[in-house]
Amino acid sequence: INARKALELVSKCMTIMTNPSADEATPFCFVLKFACKLFLEDNNILDVIREVEEIPGISPNILELMANMAMQEPYVLKHVAVKCLHAAFNARFQSSISDWKKFAELVTDITRMSSSRKNLPDFCDKLIDMLAPLCSQGSCEYPELKAKWLVSWLWNEAVHLYRARELERAEKLMSKAIQIAKFLLKTFPHAEEFKASYQYVLTELNGLENDRK
């Protein structure tokens, strides 16, 4: 059976499901449908992610599996994998954070795979909004090593952007790195260094804006 025929068959099966959220075959059908679209290089593959998100109570593991599939050779569709991980993140932690290890793993994966994506600051803002009240209450349990990696990674990305003269994007990521460091790191030995570098970039940005006037 070829991929196109398999896609037709699984799509037909899904149309006759009366209660997809309770049907044990639903996860398998979505994974098979996603695999077929990967193989066929279907431009509408993101529709599968949206369909999974619309099923109440479906396991986020399905979305994480799909992310892994999207990154396999010969596909390596990073934008698809990131969409899957964002959906898994939203499904797992929409109301609360009960598994900090899994939370940090997803944050790490999303951040690492978003290096060339301009919406990374938006994800950082979302992360800060989630962490701020928990940190103020003393109930944040973000793993320290993962926190150090996140701050370092964001800062290094900002430095790369600065060297590429993408000053506005560099400023945004520097700002996010500093904010997240304040929330997650008990000790922040590079705080003054970060602050001075950030101020330097802000000064340079202001100078460019004044030159345009």
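Axes here are lines fitted to C-alpha atoms, for helices over the stretch in contact, with angles from 0 to 180 degrees between N-to-C directions. This is a predicted model, in which local features need pLDDT of at least 70 and side-chain atom pairs count only at pLDDT 80 or more, while totals for chains, interfaces and linings use all residues. Residues are numbered from 1 along each chain as its sequence is written, and side-chain values use heavy atoms, leaving out hydrogens and water.

Here are two helix pairs (helices are DSSP runs of H or I, at least four residues, numbered from the N terminus):

| Pair | Angle | Axes |
|---|---|---|
| H2 (residues 26-40) and H4 (residues 60-70) | about 20° | 10 Å apart |
| H9 (residues 167-184) and H10 (residues 191-212) | roughly 150° | within 10 Å |

H2 and H4 are therefore roughly parallel (under 35 degrees) to each other. Their contact (heavy atoms within 4.5 Å) is made by Pro27, Val31, Phe34, Ala35 and Leu38 of H2 and Ile62, Leu65, Met66, Met69 and Ala70 of H4. By class, that contact has ten nonpolar, no polar and no charged residues (Ala, Val, Leu, Ile, Met, Phe, Trp, Tyr, Cys and Pro count as nonpolar, Asp, Glu, Lys and Arg as charged, the others, Gly among them, as polar).

H9 and H10, in turn, are therefore roughly antiparallel (over 145 degrees). Residues in their contact include Met174 and Ile178 of H9 and Phe194 and Leu205 of H10. Its residues divide into nine nonpolar, two polar and three charged.

Conventions:
Parallel < 35°, antiparallel > 145°, perpendicular 65-115°, else oblique.
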